[in-house]
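Visitor: Could we go through this structure together? I would like to begin with how the chains meet and then turn to the fold.

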Number of protein chains: 2
Amino acid sequence: MAVIVQKFGGTSVGTIDRIKSVAERVARARDAGDQVVVVASAMSGETNRLLSLGRELTMRPDGRELDALVATGEQVSVALLAIALGARGVPARSFLAHQVRLRTDSGFTKARIKGIDADVLLSALNEGVVPVVAGFQGVDDRGNTTTLGRGGSDTTAVAIAAALGHGVACEIYTDVEGVYTADPNVCKNARKVGRISYEEMLELASLGAKVLQIRSVELAMKYAVPVHVRSSFTEAPGTWVVGEDESLESVVVAGVTSDRSEAKVTIRMMPDEPGRAAGLFEALADARISVDMIIQNPSAHASPGRPGVTDMTFTLAKGDLEHAQSIAARLCSGLQVDVDHDVVKVSIVGLGMRSHAGVAARMFRLLADEGINIQAISTSEIKISCLIHAKYGELAVRSLHDGFGLGD
Amino acid sequence: MAVIVQKFGGTSVGTIDRIKSVAERVARARDAGDQVVVVASAMSGETNRLLSLGRELTMRPDGRELDALVATGEQVSVALLAIALGARGVPARSFLAHQVRLRTDSGFTKARIKGIDADVLLSALNEGVVPVVAGFQGVDDRGNTTTLGRGGSDTTAVAIAAALGHGVACEIYTDVEGVYTADPNVCKNARKVGRISYEEMLELASLGAKVLQIRSVELAMKYAVPVHVRSSFTEAPGTWVVGEDESLESVVVAGVTSDRSEAKVTIRMMPDEPGRAAGLFEALADARISVDMIIQNPSAHASPGRPGVTDMTFTLAKGDLEHAQSIAARLCSGLQVDVDHDVVKVSIVGLGMRSHAGVAARMFRLLADEGINIQAISTSEIKISCLIHAKYGELAVRSLHDGFGLGD
């Protein structure tokens, strides 16, 4: 008899009928001999409804109160799910964060989990009761309600699976059927991946494949929780996110993604003195602005006793752009600062890159064959990203997807 | 600097604009030098919306889960109120039942308060923060969320005032301007009462003057909490509910009420044997059916060695009627059981009755003068009730109201 955690997202509990379907699915898993712990998100649209109530009062609502407000969304879902399970003949009990002591730090609206009390859940399971735990919420050391940020229910589910013991799997029911080799809206022949490693999933998630909250994948990797991402509308298996050893499909490239959320900043003719770049990026870090890609051209016009100049380029989230521009203007007064919104970052991800030479070269060739100019490059062990003009985004994804043989 | 508790009902927090008005009112009380603790109900309509979600799943939702579900209504209100106060420049913090340890028994959907931790509230007040406490909800010894029944936020507010110390007053803001000598919809000349005793208020509340939850009045009486019932839409003073000593207006009759919620049951020709009536009313009590008025006619047709027969009449809530009929049919098989829905109970209430003779006689005369037949009578120290045909309800209230000189 295995213990499993089943997490249902907002669309899966979006209506009374869907809540009944969820209860039916949980009942079937239980009939099949599993002990099920359920985690649920707010009904779809509810979190936004609550947020807009708060924002009607003031543009900057207090974080603590915002969390107290939006946490009600999950509370409604879990109570309704417990009622639905009871009506289906399955004994069930809803739990809020404070009732399972799901402790977090006090970072309201983006708190981090510190621990969870599995005893409450285990004793419910021993009574034959299905615990239905509110996702997304936590409680800090002072008893305040916190929330884990958008998509936080995924992290709740993985944390619970980890707390319940080694090997407890976590099923994430969502409105897509799993993880694909590329966005099926862009690549008609994109293929559902059967198994993928945590590392690859992390790179894919942070690059725009918005299937799982990135922190849930980090947590799953840390505690070796097998995660099964699948659709709540079908019975088809989805994608297993597992350890590298279990990830049988260690192909060279597991997937292609694109990300339009970044902008490019270039500072022209920056004096190439020691500490100059450090000063700029320290100031950005102090302002909590994350910089992604950084490119510095070789220094030019240097002569003995006089530093050369260089063009410094970096990318960052479009939302941080205005703030970053004002910092750059202050630290680099007199220099030309160019900004480009029309960029997209296209990336290939795969564990196999570590042992296969020439993957980067092949990527550049595939883009060049389409006449696409590469503006910046960044690489990690299992990922290569190229910044290109936004208009080439879909073309680049399709060309890389086919070029690396990912299609059906 | 006085500490006061201000409780706002569902209509007072029913929209974002009204929540802003509440924040404004709290700010003014604070500017005037008071330390304010706020208690809020769910936004009007919200509790019913949540209940109907639960009932869409099953006709008999589990009590624990129903409480977890509906308690979210108050959580939304207090978070929004705290945000509104913050936006108005008043530091505020929302609290749920588990955060102020408002402990109850485990009687889901109608729990009773066992205690409350005033320290959390006092330390917020000492920080200059306005605590905004969710009404209606509690937490039992096992950490389950409970609710106090309809109107329970009144009881929350009074319990908090009692816990904060002797003499702390409780203002109940509602959509009426106070307690009236009769329903103003029935008596155009009904007058707002300035002060009324707890005892009178209890009789009025249980008889249908639905201004305050009856348990809140019991609690206020027990802990001598002065309660001020007033409108959230005007600045006019409302009605103070206070101890008998402070209730200056100890008039003979304080008010007239009517109650259409009961039905009358008559069992004809019941053998007048010892224990026969006891057996019936014990069976009703075992089924948790409250019987209100009981009338037994003098026994007739008795002869030595053979008991007489009697007609036994009682009233009870219409909702319990079907259940009571089946019990009566079982215990009194072969006897005729008559049921009458078309009755109304008209009552006069007043502390002065204790010292004034002839009040009952005057009531019966006033009704007789209108040609109204009295079907049953019950009396307490400060109340006289008459059961009459439903069609005479308004006429009887007006006639008693004028006859006892209660109008303007």
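Visitor: How many residues of chain B are in contact with chain A?

Guide: This is a predicted model. In it, 27 residues of chain B are in contact with 27 residues of chain A.

Visitor: Which helices of chain B each supply at least two residues of that side?

Guide: They are α1 (16-31), α2 (46-57) and α3 (63-87) of chain B. The largest share, 13 residues, comes from α3(B).

Visitor: And how do the residues of the side of chain B that touches chain A divide into nonpolar, polar and charged?

Guide: There are 15 nonpolar residues, nine polar ones and three charged ones on that side of chain B.

Visitor: What rotation superposes chain B on chain A?

Guide: A rotation of 179° does so, with 0.0 Å of shift along its axis and an RMSD of 0.2 Å. The two copies are therefore related as by a two-fold rotation axis. The same surface serves both copies, since 100% of the contact residues of chain B recur in chain A.

Visitor: Which residue of chain B comes closest to the rotation axis?

Guide: That is Thr72(B), whose C-alpha comes to 2.9 Å from the axis.

Visitor: Let us change topic to the sheet in chain A. In what order do the four strands run?

Guide: The order is β13-β18-β20-β19, in an open sheet with antiparallel pairing. At the edges are β13 (255-259) and β19 (376-380) of chain A, each of which pairs on one side only. From one strand to the next, the twist averages 20°.

Visitor: Over how many bridges do β19(A) and β20(A) pair?

Guide: They pair over five bridges, in the antiparallel sense; β20(A) covers residues 383-389. Ser380(A) stands opposite Lys383(A) in β20(A).

Visitor: Which strands does α10 of chain A lie across?

Guide: Helix α10(A), residues 359-369, lies across β18 (343-349), β19 and β20 of chain A, and runs at about 20° to β20(A). Helix α11(A), residues 393-403, lies across β13, β18 and β20 of chain A, at about 15° to β18(A).

Visitor: Turning to α11 in chain B, which of its residues are buried?

Guide: The buried residues of α11(B) are Ala396(B), Val397(B), Ser399(B), Leu400(B) and His401(B).

Visitor: What covers them?

Guide: The cover includes strands β13 (255-259), β18 (343-349) and β20 (383-389), together with helix α10 (359-369), of chain B.

Visitor: And what follows α11(B)?

Guide: The helix α11(B) is followed by Gly405(B), which has a positive phi, near 65°.

Definitions and conventions:
Residues numbered from 1 in each chain as written. Chains lettered and ligands numbered in written order. Predicted model: local features only at pLDDT ≥ 70, side-chain atom pairs only at ≥ 80, totals over all residues. Buried ≥ 20, exposed ≤ 12 C-beta atoms within 10 Å, placed from the backbone. Contact = placed C-beta atoms within 7 Å. Pairing = 2+ DSSP bridges. Axes fitted to C-alpha atoms, helices over the stretch in contact; angles between N-to-C directions. Least-squares fit on C-alpha atoms with pLDDT ≥ 70 in both. Nonpolar A, V, L, I, M, F, W, Y, C, P; charged D, E, K, R; others polar.
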